[in-house]
Amino acid sequence: MRKLSLVSLLSMSAALNLAAASVSLNANTEWKSVDTEGIKTYAIDYDGKGWPGFFPQVDTGPGEFYKVRWMMKSQRTGDEPQTLAIEGSLGKGTLNCPVSKEWNTYSAYVFSGNGGPFKFRIYLNPGSAGKVEAKNVEVSKVSTEELSGNLLSDGDFEHSAGSPVDWLKDGRVKGSPISIVRSEDFISGERSMAVEFKPQDGNAIGIQSPQLPVEPGKVYEFNFWAKAGREFVINVDTQAWPPYGHKGTHFWKRDTFKITTEWKQYSLKASIPSDLVQYPDLAAKTVYIGISAAAKDQEEKVLFDDMSFKRL
Amino acid sequence: MNYITAILCTALTAIISVQAGENLVFNSGFELGNAGYSCTKYLRPDTNPELKYAGPVADNATRVTGKLSLRIPNRFSEEMQLYSREVCLVPGREYTASLWMKSDIEHLVVNVIMFSIAKGKWDTPRRDFEVGREWKRFSFTFTAAHEYYSFRVGMGDRNGLPACDLWLDNLQINKGPLRDYEPCADIEATTTSPNLVLLEDGKLSCNVELVNNSANASSAKMALDIINDGNGEKSFSKLFDFNLKPGERTSIPCQIPLNGYGAYLAQTTSIGTQSFNSLPGYFAVIGNYERKNIDLDKTFCVGLNNGSGYFIAHDRSLTGTSGYLAVDHDVDAHFALLAKMGCRLIRDGASGCSAFSWRMCEPKEGEFKFQIGDRLLELSERHGMKVMPILGGSDFINPPKEPNLPEWLKNKSKKQDPIPVDIIQTAKGNVYLPPLELWRKFIRETVTHCKGKVSHYEIMNEPNLFLSPTEYLEYLKAANEEIRGADPKAKTVGFCATGDLGGNVDNFMNGCIKQKGLPYADIVSFHPYDARDLKAILPADKQIDGIKAMLSENQENRLPLWNTELFFLFSGPEHNSYEAGVCQPQHIAMRFLTDLGEGLGQSLPLPHQPLWKPLLNPHTDENICNSLPSANFVAYNALARLFEGAKPLDKIRWGNDTICYVYEKDGRPLAAFWNYGDTKELKLKLEAKSSDLQLFDLFGNEISFPEDGIIKFGPAPFYLTTKAKAWFNLLSSEMSTTNFDAMLKNGQVEAELPVAVGTGARFVPQNGGWALVVPFRNCTGRDLPGKIGVRGEGLVGAESVSFTVPANGELAIAVPVKLKTETPGPVSAKFALDGKIWTLPLKIKPPGKLLRPGDSARLGSSSMNVSCNDKTLKISFAVNDTSPSGYVAGREPWEQDCIELFIDANPEFNQVKYPETYTDKVARLFVMPYAPEGQRMVLKPGGLDLSGVTVATATQAGGYTAEVEIPLAALGGTGIGFEAQIDDADTVKRQSSANWNSNGDAYKNRLSFGFITFK
């Protein structure tokens, strides 16, 4: 397959309708489009080199949240994440997202800052080869109602196939510690998330959520249910580290939980500082959740379900 | 006995084997006297004016074997039956019953019956024998249809019952054909003692009676255990050694300490003897009831119904004379027992014969006879009880075989016409209305005769079952006028509406009130068979509230309300089943305390039968031959001692189906509380000190008030009162009534589980798939937020659903599910509450059938089709029927060719208790194709407005078609619960039915419906 350069990216041929429009792709591209039951699906036989992708661009209003959604599946032999690059009034940055061998819907929130043109690029990272498909790329303004709901797109994992759409492994981790498993005894549903906490190279590995939209000065609650094969202590970190890079004081809050052998609910509250001078990271109005083993040398498989991150 | 007879008897004794084992009858040879036997007699005042009960006695002057026989004296020619202790047989097997009998006269007819009543069915294989002056063995072989049988031996027949004595010996029931006689065991034992003692007596004297039936000496150890009949706990035990020669009988005296109020078995068991059979003794321990003068209009007291079996009327008895039932003791002794219990009021004539029935009082026109009633009044008065006669009873119902009115009166009465729609089927066509002037005369004569002895008269028994309100009020008004004229101090108790046998209390009361009938009574009576307890579909207190509201709306000073009958005290068993009548002490207490707590004037629900322990025949459906005061008797004694004269003060609900009534008696507060629901492991926490309170069980035994104030609910009520101020401690003070009430109000009830699920989780269509509607109740005393999901075999909950259920409230949540199979296996509800998951199993049935517009379905050989537009739901039928029923006016719709439709406009509605009961969103529709034009549809719309429903039918050879159109606006929602049933009848009655979804129970179970969705 011909090597693609960064500039060999697909361009959007049509202006975006901000009320969740699909992206249309340019014809001069390695992504081939196929009409499947009325839905345009794009596929590429990726050779593992370069950063093939596609990118929408929108004009954003000031002080708004936007959500990018797309579906993707990958038959690559490795577990390299996909990346969403963003460029707007707040700067440039990248967000990594998981990708699974089955169709899943992925999403990411971004804050428009002062508004104006906002570029998104969804691209593959070099590594293993394999066929990758994508469809239903949408960008939409996030409603007030959605911002007051569960900001995790698939908190009960019922819509995640293969691996959870909201959670990404720690970048240092080799292998695939996160999976979607059949749920036997949770409240409802067929799926739970399983995380195998296993130290690697002396480090306690973890997982992290996507960037979640927050309003400085407000309080948010992260709820989750968990159980383990034995009592196991985890750390849950709520922190602000925007894709544009860190500045100023790092907002970081750690809570520790002892997970038991029975399903129990756990929750933490995070009060987002309103002082953007001290915490300039919060100008991007996002935080993310990280979950890791509290002890570096302990390993255990922990099941999670019914996770939510909501404003109180 | 002469010399020759004695030789013969001795010879017979030598011949007859006394090997033990095959005979099932206890004390068959009467070597232990009459232990294990009970004898009922109807005492005749004409031949036995003192009403002396002469019961069977052991006789050592004559016998077949052993030393004793049983002599039954019958010098007064009284109808009698002797019952043995029951034996356990194998149904379908052949047995032979045999006994030796002789009399002091020749040609005495004796009927011997193997008596069994099981689940309402009688089996009574019988032979009549002619008994003479010589001992002779009689037998017959029968096949057991049931498990438990007793011997029942009676004298005489319709040809006569002479005065005589009858002797019995060597009763036997053995497998197969007749065998030589043998006792049932080598050693037989029983315990004898007084049947009723006062706790303050401190101890009970009893005797352990033993006999050695074998040909060998016997020695062994024996244990005497005193066992609480309520909870099975052993309260006393003693070991004995015995040594008995062959044929020897011994009596071992024993003193038993009395530890508390209750009823107890005295059980003897042998240690070391293989062939041993015993009958436990039985006694009840009560408190001393102090009889005070009471005013029935002011003092709530213990009362009983004493109808069926109490009397036998002249025209029903073998002897042609009336008689008083006596069981193992005098009638006077029976009343003495009731008096010790604390009974103060007897309602005469609930069922069966009444001392004041018209046919007893005026057997011939103008000839009034009150002897039977007079005796009843005298007996009752002597023992401190008042009698409330029921004048008229159910006398107006006169089935051809057993009329209730005397014949002369029936001939003068008018047959009821028209027949009211609401009366019971058995009364239709059998009700005769006597002339009013004769009715007035009967009332006037009776009341005049009883003046000063009777203070209250009830007018008719359950008249709503056989009269319309108009008809009843005519007789009530007349009776009331005659009562006031003859005895101005006497009170008229009227209406007596019943919920029994399908009767509707509200409808009848409303009918009477609308016709201004209230002034014709001083007291309103009712029978709450359709609201037996607080957990009934119609809770007892709700029914009382409803009646009170009806009365208050129409009167400034509401008439007092009396519960004058309720034979079945608890919800659940089918009416008239044996199980329904087997009440426990807690049922008695709960009904009494509910009626008192709800402000009723009197409560006299039960007949006397449940007061006696059926020791000899516990598996017989009627307590016909027992007179041992039981635990029920002790419960009533406690109620009489503790609650007589109490006044209701407050009613507290702590949630989780618990109740607390607060009363005041003699200036002191008193409370009763219990768990009337099904939730187990409930605990009550009271903020109180043991130094302030006294806690009792339902027999009146004091229980230590727990230091932590936590009381665990059991099946029975608790009683609570304040501790009296200690006279020697000037600093001590008794808790005031106000503080007592406040303390109880602050009580907290907690369940082991925070939620309880209902019995009827149900699949309903939702959004093109299914949801499982789970009803549940919050068992905590606070609002409870949470989530619910479901899991199980063959399905998975698609998502969990959030909820907040109010404190002690209930919800029904539709949980979307994915069905993996048509018949899911065990399913559980999963509740996420307070950070934990609770898993509760659900009872489910497979999803009902579902029809969408355009779908068709079969009902037997007929078909049904559904269509829908934006305004109307149309259901079409094509019915195959080659034998048209035609139409007969007055025939119920389902007893002719008919399509029945059942519609539930709110199928998602579900409740924890009784989810199957119809709501006001459930309607029934009957389509009768052969009815005249304009009468082809009968609607029972419930609360739905189905005035826009149209029906079109067409008949043809081989069947008929029907189209039913229902406006969607009347139904609402996106679908309905639905069932269709096609009834196929001939010209007489229904022959078969074909159902679409249910198994024929749709008329009473809305959960058996399938569904129709509108899209």
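Student: Before we start, what should I know about the numbering and the pLDDT limits?
Tutor: Residues are numbered from 1 along each chain as its sequence is written, and chains are lettered from A and ligands numbered from 1 in the order in which they are written. In this predicted model local features need pLDDT of at least 70 and side-chain atom pairs count only at pLDDT 80 or more, whereas totals for chains, interfaces and linings use all residues.

Student: OK, how is chain A divided?
Tutor: Chain A has domain 1 (19-142) and domain 2 (168-311), with bounds that come from an automatic or database domain assignment, and the C-alpha centres of these two domains of chain A lie 24 Å apart.

Student: And how many residues does each domain of chain A bring to the contact?
Tutor: Domain 1 of chain A brings 17 residues and domain 2 of chain A brings 14 residues, where contact means that C-beta atoms, placed from the backbone, lie within 7 Å.

Student: Which strand gives the largest share on the domain 1 side?
Tutor: That is β8(A), with seven residues; strands here are DSSP runs (E, at least two residues), helices are runs of H or I with at least four, and both are numbered from the N terminus.

Student: Switching to where the chains meet, how many residues of chain B are in contact with chain A?
Tutor: There are 15 residues of chain B in contact with nine residues of chain A, and β48(B) gives the most to that side of chain B, with four residues.

Student: What classes are they?
Tutor: The side of chain B that touches chain A has six nonpolar, four polar and five charged residues, counting Ala, Val, Leu, Ile, Met, Phe, Trp, Tyr, Cys and Pro as nonpolar, Asp, Glu, Lys and Arg as charged, and the others, Gly among them, as polar.

Student: Now helices: at what angle do α8(B) and α9(B) pack?
Tutor: Helix α8 (residues 505-514) of chain B and helix α9 (residues 540-554) of chain B pack at about 10°, with axes 11 Å apart; the axes are lines fitted to C-alpha atoms over the stretch in contact, and angles run from 0 to 180 degrees between N-to-C directions. The two helices, α8(B) and α9(B), are therefore roughly parallel, a term for angles under 35 degrees.

Student: Which residues of α8(B) make that contact?
Tutor: On α8(B) they are B:Val505, B:Asp506, B:Met509, B:Asn510 and B:Ile513.

Student: And how far apart are the axes of α6(B) and α7(B)?
Tutor: Their axes are 9 Å apart, at an angle of about 35°, and the contact has nine nonpolar, one polar and four charged residues.

How values were computed:
Two residues are in contact if their C-beta atoms, placed from the backbone, lie within 7 Å. Angles under 35 degrees count as roughly parallel, over 145 as roughly antiparallel, 65 to 115 as roughly perpendicular and the rest as oblique.
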